[in-house]
Amino acid sequence: MERTLCIIKPDAVSAGNVGNIIAHIQKEGFRILAMRMTTLSKKSASKFYEVHQGRPFYDSLVEFMSSGPCVPIALEKDNAIAEWRRVIGSTDPAEAAAGTIRKLYAKNKGENAVHGSDSVENGLREIAFFFTEGELADLA
Ligand code: ATP
Ligand code: MG
């Protein structure tokens, strides 16, 4: 079993798509280990996305991710990193495959509905950013 971090981003929360996205997660067979709704401070959003510091979209990304509530969700599945990225689709919804979460719910390349970790190592680091070990469900 592998773990990945989903974040339902502020655009999808404000558009009322939290339930639809959680249903999509469960239909695809991911197990939800932990979940909460939270509003990131600019400082937390900057820290979470620090790998992108210096990129042209960094400031707008930090602004957007701290603009309202988001829903981080720790997920588990075989091959979870690649599987979750398949389910969410390309960064830009214009290029995302039909039926993917970003095709269904993203507004544009910046406000793109969901986050997905890009490696096993980053997935574990990102889950630890939001959740303590004790908050992760121990599902039989
Ligand atoms: P995420 O890491 O959020 O799952 P991703 O891995 O598909 O998305 P990254 O390249 O890691 O894409 O970029 C992180 C986020 O920064 C994107 O999801 C998007 O919100 C924003 N972003 C990336 N590129 C651009 C861009 N060219 N213009 C505006 N925003 C962008
Ligand atoms: Mg990324």
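A polar contact is a pair of N or O atoms within 3.5 Å; within protein, one atom must be able to donate a hydrogen and the other to accept it, and residues adjacent in sequence count only if both atoms belong to side chains. The model is predicted, with local features requiring pLDDT of at least 70 and side-chain atom pairs pLDDT 80 or more, whereas totals for chains, interfaces and linings use all residues. Side-chain values use heavy atoms, without hydrogens and water.

**View 1. Polar contacts of ligand 1.** The side chain of T91 places an N or O atom 2.5 Å from an oxygen atom of ligand 1. For H52, the corresponding side-chain distance to a ligand oxygen is 3.0 Å, and for a polar side-chain atom of Y49 it is 3.2 Å. Taken alone, ligand 1 exposes 580 Å² (Shrake-Rupley method, 1.4 Å probe), of which the protein buries 80%.

**View 2. The shell around ligand 1.** Ligand 1 is surrounded by 13 residues (a heavy atom within 4 Å); the closest are K9, T91, G110, N112 and G116. The shell comprises three nonpolar, six polar and four charged residues.

**View 3. The largest pocket.** A pocket is an open set of points on a 1 Å grid over the protein atoms alone, with protein on both sides within 12 Å along at least five of seven lines; lining residues have an atom within 4 Å of a point. The volume is about 540 Å³. Among the 23 lining residues, Y49, H52, F57, L61 and T91 are the closest to the centre.

Key:
Residues numbered from 1 in each chain as written. Chains lettered and ligands numbered in written order. Nonpolar A, V, L, I, M, F, W, Y, C, P; charged D, E, K, R; others polar. 1 Å grid on protein atoms, 1.4 Å probe; cavity = no way out; pocket = protein on both sides within 12 Å on 5 of 7 lines; lining within 4 Å. Points joined across faces, edges and corners; volume = space filled by probe spheres on them.
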